[in-house]
Amino acid sequence: MADTDIGSKTMDGMGPHGTKVGLLRVLGPAHVWALGVGIVLVGEYMGWNFAVGKGGAYAALIACWFAGILYTCVAMIDSEVTSTVAAAGGQYTQAKHIVGPLMAFNVGLYLVFAYTMLEAGNAITAGYLISVVAGMSGYEGVLDQRPFIILSILFLAWLNYRGVLATLTFNLVITAIAFVAIIVLFLSTSGILGGGIMQHKALMEGAAALPYGWIGILAAMHFGLWFYLGIEGTTQAAEEVRSPARSLPFGTLAGIMTLLIAATLTWYICTGVLPWEFLGDGVNGSVAPLFDTARLSGSDGLIWLLGIGTLFATLASANGCINDASRAWFSMGRDKYLPGWFGAVHPKYRTPYRSIIFLVPIALIFALGAPLDQVITFSILSGLLGYTFMPLNIIMFRRKWPLDSIKRGYEHPFHPLPAIVLLALCAITFFAVFLGYGTQLVAMIGFYIVVSLWFHFWRYRFVSRGAQFTMPWPKPKGY
Amino acid sequence: MAHYTPPHQGKLGQLIDVIVLVVLTLGALFVPLKLGMSGAAKVIAAPIENPTWEALGQSPVQAAQYEALGYTPASAHDLILARFDYSFTMGGLIAMIVVIVLYYVLMLKFSETEYRDVIAEKFDRK
């Protein structure tokens, strides 16, 4: 029954086509870390601060830690499943083998939209940052941000088109610089090196402590996800890493640890310097809070470092998003869940080039046509729907293929506790989104219901049945 | 289970499928925006004429940070006083829960039907 080998050197383009011109296996654990952290680290540079706006600074900290627990569950569950389902498409491919085709189609769309919207949010921030730098450099007009938004997306799409190794090596370097910038800002402003400028007590006293009361804490969970959203994208590289069973769990778990540190430091730095109303308004107030904190530090060196850090974080994230969204789109095309035209691999660069190109205008439409908080909310909602799938996925995985039936590269402990905790935190986050963004929530789920019906009653006829099951696994229990 | 052979889809059919998906996607984001139903609008319950930092409820430290950021009490007025309205109806909450649960039930049910065919063709046709 095992008609594919996930470690094959000669036939690594898995799927019903069994193509021999597959994606290239060139990545190591550091690239996996760079892909995961690179996508997410921008969440510390922008977007998370909407959580302050929804509940105040303390609420944002609680949301940061609870979201950290949520993502730790995600990383644990994902590491176990993906160390076994080592194929491009990540959770899409997992769902296809474990839950069923319609679920897989939905999960694939969650991934594409979460990453494409995140990419659009990154481009918006990059454009904003360049306009601020222009103002600080003496430019007196209102800089048109659109050319910079377009150029950022086009440059990164080109990089992705040319090859995955260069793309993720670039990510590794700029992500490391962006992470170091946060550490330097923390050391420089907290009083550890030189004089500190933190004023937590004065900025968070009285009504500023919990301006919305307990409901604000729940509401803040909505944007608390932004601290970590995208770490699950490490699985998209599964078909391009040299040793998936080792590299994917290692890179993913190292990534979530890095982000837990970065998220807490970011909260500490920004809430100690910026008033909560300014910090919490990411559209009219603080679009890039770490950069704004550096501006108040009075140090030109820190301003430059955090300006570069913000730019690098947005580029790294957009870069990783193009990588991940295109892999998910490509995988669905390869299986004919989407038109098969998208399932092509570039004969020279070995990248899913048609999917990369196709998603460029989609990202541009979102980046140029929608406000940042709406784009972020749609990205979060798609991510949240995906996280709700994960507990169902791991429970079904363990039931259909118990531990003694398939060798895992990593077995997550305390099952089913992480799945139950994850499900409970997802339910809380749905309520948090409902508070203030209920219309988008209903619109998004309405969209997924309509496309699900479209897939089940129309599109699925073009999909081969047995051939889409490509893992060398035994028959699942109960079938 | 008999082996299923999917029909060939021509280029025009593929193009139409992509257009349908893109239109639905753009609609999900932009229709609520264009209809002004995108939510998240903050409101200012009690605007203050000729605001001062004290009237805006800002301590000297908070006021100093705003000034360092380039704000005056007048320019910071909307930023400081705007608040979300978290009031909701139980009917709205129940409707949201029903929509989400129905969505997952629908997906799991249809997926299971499709999955049984996949497993049958993959493992039972030898």
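Predicted model: local features only at pLDDT ≥ 70, side-chain atom pairs only at ≥ 80, totals over all residues.
V360(A) sits in helix α15 of chain A, which covers residues 353-369, where a helix is a DSSP run of H or I of at least four residues, a strand is a run of E of at least two, and both are numbered from the N terminus. At 11% relative accessibility V360(A) counts as buried, a word that here means under 20% relative accessible area, with exposed meaning over 50% and partly exposed in between, for a 1.4 Å probe and protein chains only. Leaving out residues up to four places away in sequence, V360(A) touches I153(A), L154(A) and A157(A), a contact being heavy atoms within 4.5 Å. From V360(A) to R459(A) there are 99 residues in sequence and 24 Å in space, C-alpha to C-alpha.

Residues are numbered from 1 along each chain as its sequence is written, chains are lettered from A and ligands numbered from 1 in the order in which they are written, and side-chain values use heavy atoms, with hydrogens and water left out.

Let me turn to chain A as a whole. Chain A has 17 helices and zero strands, and its C-alpha trace spans about 65 × 45 × 40 Å along the principal axes.

Now to some individual residues of chain A. Which helix holds K54(A)? K54(A) lies in helix α3, residues 50-55, and at 0% relative accessibility K54(A) counts as buried. Apart from neighbours within four places in sequence, the contacts of K54(A) include Y212(A), H222(A) and F223(A), and they extend into the other chain, to F84(B) and Y86(B). L435(A) is also among the residues in contact with K54(A), and although these two are 381 residues apart in sequence, their C-alpha atoms are 9.1 Å apart in space.

Q94(A), in helix α5 (residues 91-98) of chain A, is buried as well, with a relative accessible area of 1%. Beyond four places in sequence, Q94(A) is in contact with D78(A), V81(A), T82(A), V85(A), V99(A), T235(A) and N393(A).

As for the nonpolar core, the largest one has 202 residues, and those with the most contacts inside it are F105(A), Y228(A), W329(A), Y387(A) and Y448(A); such a core is a set of buried Ala, Val, Leu, Ile, Met, Phe, Trp, Tyr and Cys residues joined through side-chain atoms within 4.5 Å. Among the residues that Y228(A) touches, not counting those up to four places away, are V40(A), C64(A), Y71(A), I256(A) and L260(A).

On to chain B, which has four helices and zero strands. Its radius of gyration is 27 Å, well over the 14 Å that the globule rule gives for 126 residues, so chain B is more spread out than a compact globule. Its C-alpha atoms fill a box of roughly 80 × 40 × 30 Å along the principal axes, and 38% of the 126 residues count as buried.

In helix α3 of chain B, residues 73-81, the buried residues are P73(B), A76(B), H77(B), L79(B), I80(B) and L81(B). What covers these buried residues includes α12 (276-280) of chain A together with α2 (60-68) of chain B.

I will end with the backbone. Most residues other than glycine have a negative phi, and most peptide bonds are trans. The bond from H415(A) to P416(A), however, is cis, with omega near 10°, and P416(A) is in the loop between α16 (372-400) and α17 (417-457) of chain A. K336(A) has a positive phi, near 70°; K336(A) is in the loop between α14 (300-334) and α15 of chain A, and at 30% relative accessibility K336(A) counts as partly exposed. N50(B) likewise has a positive phi, near 45°, in the loop between α1 (11-34) and α2 of chain B, and N50(B) is exposed, with a relative accessible area of 70%.

Notes: Rg over C-alpha atoms; globule rule 2.2 N^0.38 Å.
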